[in-house]
Amino acid sequence: KGSVSWSELSVGCLSLFFEDLELTGLTSGKIDLSGDKNIPGVNFDAHFSNLSLKGVSLQKFSGLSGQLRGRWVETEADWQVNLKSGQNAYLTSTGKIDFGTDQDSISGTLDGELPLVAFAPFMEYSDRINGLLKLKASFEGKRTEPVLKGLVTLENGMYEKEKDLIDAFIR
């Protein structure tokens with residue numbers, strides 16, 4: 001039994017465990033350990049702020065923040081994830097996983113919105129993109145073979161490739 005808590009810790013320290021992870025930002029949270037050696041339990045609650053990936057400029061999609069909450073007791077775990085950005089983007093997920101030999105199952109939900117302008121840094125300079133991608137889905141089944149069901153919609157989607165205009169201007 002016990003607990004560990006941290007406040008405004010750089011997420012860069014995660015590179016100790018994940019070599020290729022180049023995240024910047026801060027994290028605060030708490031992990032509570034309960035139960036005994038036969039049936040241990042873990043509750044966790046972590047908050048993240050100003051997350052970004054080094055070397056990737058996401059001017060229109062900055063200030064990613066979120067929360068990860070969960071519980072793990074014996075062979076079952078559940079989670080709740082909430083991510084959001086200042087550009088009206090968000091992703092939430094809730095779920096449960098059973099590691100037991102009989103069940104070995106997973107179930108949960110995904111819900112989110114993402115402005116397509118977030119992909120602009122990965123496109124050619126002259127290309128333009130706009131619209132809102134929406135996701136509402138659920139998943140369930142065996143942990144190794146979950147079945148995903150849901151709906152992905154695009155509102156006011158637009159992609160414009162101006163390569164021809166640039167070629168005409170150069171001539």
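Contact here means heavy atoms within 4.5 Å. With that in hand, let's walk through the chain.

## Basis of the model

This is a predicted model, in which local features need pLDDT of at least 70 and side-chain atom pairs count only at pLDDT 80 or more, while totals for chains, interfaces and linings use all residues. Residues are numbered from 1 along each chain as its sequence is written, and side-chain values use heavy atoms, with hydrogens and water left out.

## Overall picture

Among the contacts in the chain with a separation of 6 or more, 42% are between residues 24 or more positions apart. One helix and nine strands make up the secondary structure, where helices (H or I, at least four residues) and strands (E, at least two) are DSSP runs, numbered from the N terminus. Along the sequence the pattern reads β-β-β-β-β-β-β-β-β-α.

Of the 171 residues in the chain, 20% are buried. Buried means under 20% relative accessible area, exposed over 50%, and partly exposed in between, with a 1.4 Å probe and protein chains only. The accessible surface of the chain comes to about 12100 Å², and carbon and sulfur atoms hold 56% of that surface. These areas come from the Shrake-Rupley method with a 1.4 Å probe; for residues, only the protein chains shown count as cover.

## The sheet

The nine strands form an open sheet with antiparallel pairing, in the order β1-β2-β3-β4-β5-β6-β7-β8-β9. Its edge strands, β1 (2-10) and β9 (145-160), each pair on one side only. Neighbouring strands of this sheet are turned by 5 degrees against each other on average, direction ignored. For that angle, axes are lines fitted to C-alpha atoms, for helices over the stretch in contact, and angles run from 0 to 180 degrees between N-to-C directions.

Two strands pair if DSSP finds at least two bridges between them. Strand β1 and strand β2 (residues 23-35) run antiparallel and are joined by seven bridges. As an example, Val 4 has Ile 31 in β2 as its bridge partner.

## Salt bridges across strands

Side chains of opposite charge can pair when their charged atoms come close. The whole structure holds 10 salt bridges, each defined as a side-chain nitrogen of Lys or Arg within 4 Å of a carboxyl oxygen of Asp or Glu. One of them joins Asp 45 and Arg 69, with the closest N and O atoms 3.4 Å apart. Asp 45 lies in strand β3 (residues 40-53) and Arg 69 in strand β4 (residues 64-73), so the pair ties together parts that are 24 residues apart in sequence. Asp 45 is partly exposed at 23% relative accessible area, and Arg 69 is also partly exposed, at 39%.

Lys 96 and Glu 76 form another salt bridge, their closest N and O atoms being 3.5 Å apart. This pair links strand β6 (residues 89-98), which holds Lys 96, to strand β5 (residues 76-85), which holds Glu 76, across 20 residues. Glu 113 and Lys 134 also meet in a salt bridge, at 3.8 Å from N to O. Here Glu 113 belongs to strand β7 (residues 105-115) and Lys 134 to strand β8 (residues 128-142), 21 residues apart. Salt bridges that share partners bring Glu 113, Lys 134 and Glu 155 into one network.

## A nonpolar surface patch

Leu 16, Phe 17 and Phe 18 form a nonpolar patch on the surface, with about 420 Å² of accessible area together. Patches are made of residues with over 30% relative accessible area and no salt bridge: like charges are joined within 9 Å, nonpolar side chains (Val, Leu, Ile, Met, Phe, Trp, Tyr) within 5 Å. Leu 16 sits in the loop between β1 and β2, and Leu 16 counts as exposed at 71% relative accessibility.
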